[in-house]
Amino acid sequence: AHDVLLGARRGARWRYATIVAVLVLYALARHAAATADVPVTDTPALDNPLVAVGAARARLTALALTVKSLGLLLWPRHLSADYSCCAITPIGWPPSIAESGALLLAAGIAFAVVAWSVRQRSTHPERTFFVALALLPALPASNLLVVIGTPLAERTLYLPAAGLAALVACLLDDVRRRAGRGTVALHAALGVALVALALRTHVRN
């Protein structure tokens, strides 16, 4: 993604060859583990209630949970060590009005982010790269592709948080360049935000 969006550097072919070799070895190891004759324990519904509902309801619930994940990244007011059956309720079928609103919000945010990042590719490719860095690592643990052992976990947001932080830094730097005399106010607002997040971390720990 870096080379496609920001331009390839010298030695790209060797880097790609190394990455392909690692991916092939990883695929072989995954295949060996999947076909090994070992006892397999299914994920209990107590850990992830999405395993107890149909594929459509599970994916719709996972889509709605993307808004909660984004909220945790932007302002981690309420954190939890466990998002299991009692914390996450699967979306019903048919969805209620409130659930339909949550789904529309999640779909709208996803469409807006993807459309914006595509438009930014020609003028600010680094922004598109950071959007990809935030979204792509989140997919395997989002329950959108496959249902995993938990409906939501803050530990799966570490790498997406890096992409989001880099994107916010790019946008704030652009605002700073255009602010002119308002730079002092911008720095003050950033200072307040950092203090608020630091206090939240202190209270949490």
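Helices here are DSSP runs of H or I with at least four residues, and strands are runs of E with at least two, numbered from the N terminus. With that in hand, let us walk through this predicted model, where local features need pLDDT of at least 70, side-chain atom pairs count only at pLDDT 80 or more, and totals for chains, interfaces and linings use all residues. Residues are numbered from 1 along each chain as its sequence is written, and side-chain values use heavy atoms, with hydrogens and water left out.

Ala62 sits in helix H3. Its relative accessible area is 2%, so Ala62 is buried (buried means under 20%, exposed over 50%, partly exposed in between, with a 1.4 Å probe and protein chains only). Leu50 is 12 residues away from Ala62 along the chain, and their C-alpha atoms are 8.5 Å apart. If neighbours within four places in sequence are left aside, Ala62 is in contact with Ser142, Asn143 and Leu144, where contact means heavy atoms within 4.5 Å.

Ser117 belongs to helix H4, residues 97-120. Ser117 counts as buried because its relative accessibility is 6%. Beyond neighbours within four places in sequence, Ser117 is in contact with Thr128 and Val131.

**Two pockets**

A pocket is an open set of points on a 1 Å grid over the protein atoms alone, with protein on both sides within 12 Å along at least five of seven lines; lining residues have an atom within 4 Å of a point. Grid points are joined across faces, edges and corners, and a volume is the space filled by probe spheres set on the points.

| Pocket | Volume |
|---|---|
| Largest | about 850 Å³ |

H3 has the largest share, nine residues. By class, this lining holds 30 nonpolar, four polar and no charged residues (Ala, Val, Leu, Ile, Met, Phe, Trp, Tyr, Cys and Pro count as nonpolar, Asp, Glu, Lys and Arg as charged, and the others, Gly among them, as polar).

For the second largest pocket, 13 residues form the lining, with Leu73, Ala165, Val168, Leu194 and Leu197 the closest to its centre. At least two lining residues come from each of H3, H6 and helix H7 (183-204), and H6 gives the most, six residues. This lining has 13 nonpolar, no polar and no charged residues.

Terms used:
1 Å grid on protein atoms, 1.4 Å probe; cavity = no way out; pocket = protein on both sides within 12 Å on 5 of 7 lines; lining within 4 Å.
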